[in-house]
Amino acid sequence: MALLELEKVEKLFFSRDSMTTAIKNISCAIDKGEFVSVIGPSGCGKSTLLSLISGLIHPTSGTIKLDGKEIKKPTPETGYMLQQDYLFPWLTIEQNITLGLKTMGKLTEETRKHSLYLLNELGLGDRANHYPNELSGGMRQRAALVRMLTSDPKLLLLDEPFSALDYQTKLKLEDLVFSTIKQHRKTAILVTHDIGEAIAMSDRIILLSHRPAQVIRIFNIPDELRNELPFQARNHPAFNGWFQDVWKELESLEQQI
Amino acid sequence: MNSKYEQLHKEYKNKLTREKRLIRLVQAGILVSFFALWEIAASRHWVDPLLFSSPSRVWNMFLIRIQDGSLLTHTSVTLFETILGFLLGTLLGTLLAAILWWSPFLSRVLDPYLVILNSMPKVALGPILIVGLGPGFASIIAMGALISVIITTIVVYNAFRNVDDNYVKVIRSFGAGKKQAFFSVIFPASYPTIISTLKVNVGLSWVGVIVGEYLVSKQGLGYMIIYGFQVFNFTMVMLSLLIIAVLATCMYQLVELLEKRLVTRHQS
């Protein structure tokens with residue numbers, strides 16, 4: 001059964017003298033444990049789609065169902081990771097990663113220990129009492145990943161989480177996020193503008209058109225690529241062919257305007 | 001090789017120390033020469049000592065007034081009023097800002113009124129306060145608070161609004177409501193602004209309280225100034241002014257100390 005179902009989702013934004021259709025008639029289903037990437041021309045409404053799924057904004061028409069239940073408002077069942085870490089600078093790393101649990105009223109000695117265990121898993125065990133400004137960009141984004149995982153969400157929404165990092169950190173973090181997500185058997189949706197990242201990390205790639213965003217094409221990544229770590233996948237012989245395919249499709253979209 | 005660099009480093013440090021020392025020296029020099037010049041000018045009658053008094057006269061009056069206890073009473077009255085006015089103004093202002101943040105409707109409704117109240121010289125409301133609250137403590141404290149409350153509201157409300165939406169997104173994605181968002185994000189993120197309005201409010205409260213005392217009081221440093229002015233005792237006026245300068249500076253420094261302790265972590 002599909003974990004997430006979008007049915008004829010449409011989103012319009014209104015202002016006094018205009019109305020913009022950001023998303024038009026998107027239907028798709030994402031299975032449990034799947035890793036799906038969403039790519040498309042910049043400004044096409046990829047992030048809007050994530051905001052809709054997270055429940056922060058509501059579709060103008062159509063329904064979004066998580067586990068069969070319609071999403072009405074943000075729930076802890078979806079975790080959100082943004083372009084920047086947005087760790088709270090006035091809290092220590094430990095306080096930051098337990099923020100979700102605290103907000104949900106679920107912070108107990110047990111969950112706290114589990115959070116610290118996750119922090120340790122991602123190699124930040126010795127940083128629990130540091131403040132975010134004492135950490136590098138990559139470490140901070142890792143802490144943000146832990147923050148998202150501590151509340152044990154079913155669905156992870158990743159809104160270009162690697163785009164603000166330098167290339168080397170980005171490659172390393174892709175591997176780490178990929179293996180962490182697989183290990184915890186999470187379902188994830190990644191919004192990105194990096195074709196290589198989408199191919200290397202995901203099981204499926206959804207290509208969106210220009211605003212208003214519609215699904216143009218869905219690429220199913222073959223097993224030999226999707227089972228590899230992103231860094232290995234990038235070096236796989238099949239990778240380049242896929243890259244070219246997606247590239248051409250995206251390029252032809254760009255030329256339509 | 002190493003010792004050469006160490007030598008250079010040492011010279012550099014010495015230079016910094018020398019500069020700092022020079023600045024302190026000049027600062028002290030200005031202070032001392034100001035009082036010296038004042039004393040000489042008064043004793044040689046370059047200025048009228050009846051009008052401008054002199055440091056020695058002020059000092060003598062200081063000692064006398066300390067001994068009879070009256071100075072302590074006046075000072076503590078004013079200090080009490082100022083601190084209370086300052087706290088009230090800041091707390092009320094922050095509370096109002098929180099209410100405005102809570103209700104965007106209310107904030108849009110109240111916007112023009114805030115602009116009017118902010119541009120209005122608050123001390124002009126003095127007579128109304130006295131009529132409303134009676135000629136006493138209450139009016140003076142109200143004046144001390146009133147003068148800072150509107151500007152605090154506006155500044156803090158803006159700080160609340162300027163908190164990066166993505167921080168709110170983070171907390172809302174955990175299912176937080178508006179109240180949780182306010183207390184875990186909006187308020188702590190605005191600490192630095194709130195503290196810096198405290199610094200402004202310290203000065204403003206002194207203005208409010210002194211003017212309040214001019215208008216109604218039978219006690220306090222503002223009263224001493226007005227009284228001294230009326231009976232032509234300018235030594236008393238000068239003494240009050242000096243005490244106000246010292247106390248206002250102390251309060252400002254205290255707030256600055258608080259700022260250092262609270263805000264260090266807020267630079268992301």
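In strand 4 of chain A, Ile64(A) is the bridge partner of Leu6(A). Strands here are DSSP runs of E with at least two residues, helices are runs of H or I with at least four, and both are numbered from the N terminus. The model is a predicted one, so to speak of local features takes a pLDDT of at least 70, side-chain atom pairs count only at pLDDT 80 or more, and totals for chains, interfaces and linings use all residues. Residues are numbered from 1 along each chain as its sequence is written, chains are lettered from A and ligands numbered from 1 in the order in which they are written, and side-chain values use heavy atoms, with hydrogens and water left out.

Strand 1 (residues 2–15) of chain A joins strand 4 (residues 61–66) through five bridges, and the two run antiparallel. Strand 1 also pairs with strand 2 (residues 18–31) of chain A, again in the antiparallel sense, over 10 bridges; pairing takes at least two DSSP bridges. Glu5(A) has Ala29(A) in strand 2 as its bridge partner.

Turning to the domains, chain A is assigned domain 1 (2–77 + 153–255) and domain 2 (87–152), with bounds from an automatic or database domain assignment. Their C-alpha centres lie 25 Å apart. Contact (heavy atoms within 4.5 Å) involves 16 residues of domain 1 of chain A and 13 of domain 2 of chain A. About 1200 Å² is buried between these domains, 76% of it from carbon and sulfur atoms; buried area is the accessible area (1.4 Å probe) that two parts lose on being put together, summed over both. On the domain 1 side, Pro76(A), Pro153(A) and Leu176(A) lose the most area, together 32% of what that side buries. One salt bridge is counted between the two domains, with a side-chain nitrogen of Lys or Arg within 4 Å of a carboxyl oxygen of Asp or Glu as the rule. Lys186(A) forms a salt bridge with Asp152(A), with 2.5 Å between the closest N and O atoms.

Then there's the meeting of the chains. Chain A brings 24 residues to the contact and chain B brings 20. Together they bury about 2100 Å², 67% of it on carbon and sulfur atoms. In chain A, Tyr86(A), Trp90(A) and Thr103(A) lose the most area to chain B, together 31% of what that side buries. As for salt bridges between chains A and B, the count is zero.
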